[in-house]
Every structure is written in C-alpha cells, then in structure tokens.
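Hi,

Here is the structure I promised to pass on.

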Amino acid sequence: MIGVIGGSGFYTFFGADARRVNLDTPFGEPSAPVTVGTVGEHEVAFLPRHGANHQYSAHTVPYRANMWALRALGVRRVFAPCAVGSLTADLGPGSVVVPDQLVDRTHGRADTYFDSGGAHVAFADPYCPALRTAVTGLPGVVDGGTMVVIQGPRFSTRAESQWFAAAGFTLINMTGYPEAVLARELEICYASIALVTDLDAGIEVGGGVTAIDVFSEFEKNIEPFKKLVYEAIGQVAGEHTCTQCLSQSGVELPFELP
C-alpha cells in the first residue's frame, strides 16, 4: 500500500466511495481517520497531516501516531505533499520541487520511536531515491533542493530568512521533520513533494509571508498538484522498502514493527 500525507490545504484525496479507517496507536490517535482508495493498480491510504479541518499546527501534529498508523495499515511507501516557502527567486509560487536534503531547525518535538535502546538510524540521505525518481520524471518538476524545517507556527523574520538563504537552503517548511526520520525508523520509503506558495520574507522587499497568501496560493494550485501526486503514484514500481530506507540502526529494534 502507498501512503499520501496531505499538507496545508490538502485535506481530501478520494471521493465518497473511499473506505474510512479509524485507528489508534501506542502514541495516540492520528491527525484524522485514514481514507483508503485506489489509484490505478495501487491501493492508497490518505491522511491529512493537519487534520480534516486543519486543527493541528505544525508543532502539534501527532507525527508518531500518523506514521505508525500508516505502517499498521500496510503502508511501506509514502508521498508527502506539502506547502513551502522559497528561499530563492529562481523558484516562484507554483513551482513543484522534490527536495533531496533537509535541515532540522525544530525543537521539542517527539522525533523518535527509540525511547529506549541504543539505536541510531542512517539518515544522510533522508528521502527515498525510488520515490523521488517517480516524481522528478514528471514534466515541470524541479529535482533537488534543501528544505529547512522550522518550528513554527510563526513564519520567519526577514533576518532568519536571509540567514537560511545565505546558508544555501532553497525551501522552508514547518512539517518536514520529524516525519521523514520517523518513516526511516519504521522502514517506510518516504519522499516530500513541495509546492512553493510564496517567496520567504528575506527574498524580496515587502510585507513578508502571511497565512492568507499561503492558503490562497495553495488553493489556486491544489487540483493540478493532486493530479501530479496521482501521476507519481502511477510511476511507483515494486512492493517493498528499498535498501536505503531500511532503518539500518545497527541494533535490534527496541520495539516490534506494526
């Protein structure tokens, strides 16, 4: 089964005929019930990251419950569409980018299932190469970029944005971590698909980023963005977690995978 985790403004994926699954996990309930439907030959499980009514801000999303619930349903590959700001004028609103690196600037989030035991996952390359290829082969998609993940829920100051841009980061987001590393710990292939909704505060002179503008831009692009995710799912081959996305913790896992 393939999983899709929808970001801000991406709350539904199937019609009324989708199967609705309510789940509980050792880490509480996920953001919302999971809906299960089909895309071509694939069975797909969809979960809105922020809840069906955007009731979770980026720093309160139950990330561990979300990833555990998908794994328990049989998901082994996840596409993670999300809204991002751009840290370069080369990537304007409406651009779709598949990042290949991330930088974590969050704090205080539960970002591991390894609450005991000396386990350390390999995370040098945080995204699945096979899933990235499934998306980057589609027309108009930008291949590669570094996404810096900030704590939120506020947007960056102009100085912070300029700092991130000077460091060479290309995208900025609030939810890409810990989702990616939790997927790795659960041995789930994971790739982010980023829709640029704005130029971040330090890139241009002006009022900076506002939530209204972000949601407006996402809404304007949501249907073609969903279509791109459908097409990416159709490009996925194979049934198992790839070698890179095995946890490679070096020790026996301190829990039993669902």
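**Pockets and one arginine**

The second largest pocket has a volume of about 220 Å³. A quick note on terms: a pocket is an open set of points on a 1 Å grid over the protein atoms alone, where a 1.4 Å probe fits, with protein on both sides within 12 Å along at least five of seven lines, and lining residues have an atom within 4 Å of a point. Volume is the space filled by probe spheres set on the points, which are joined across faces, edges and corners.

Keep in mind that this is a predicted model, where local features need pLDDT of at least 70, side-chain atom pairs count only at pLDDT 80 or more, and totals for chains, interfaces and linings use all residues. Numbering starts from 1 along each chain as its sequence is written, and side-chain values use heavy atoms, leaving out hydrogens and water.

Back to that pocket: 13 residues line it, and Tyr-11, Thr-12, Arg-20, Pro-33 and Thr-35 lie nearest its centre.

The largest pocket comes to about 430 Å³. Of its 26 lining residues, Ser-8, Ala-83, Phe-155, Met-174 and Val-214 are the closest to the centre.

Now find Arg-49. Is Arg-49 buried or exposed? Arg-49 counts as buried because its relative accessibility is 1%, and buried means under 20% relative accessible area with a 1.4 Å probe, protein chains only. A polar atom of its side chain lies 3.3 Å from the backbone oxygen of Pro-81. Arg-49 also touches (heavy atoms within 4.5 Å) residues including Ile-5, Ser-31, Asn-66 and Glu-179, not counting residues up to four places away in sequence.

Cheers

Notes
Buried < 20%, exposed > 50% of the residue type's maximum accessible area, 1.4 Å probe, protein only. Polar contact = N/O pair within 3.5 Å; in protein donor to acceptor, adjacent residues only side chain to side chain.
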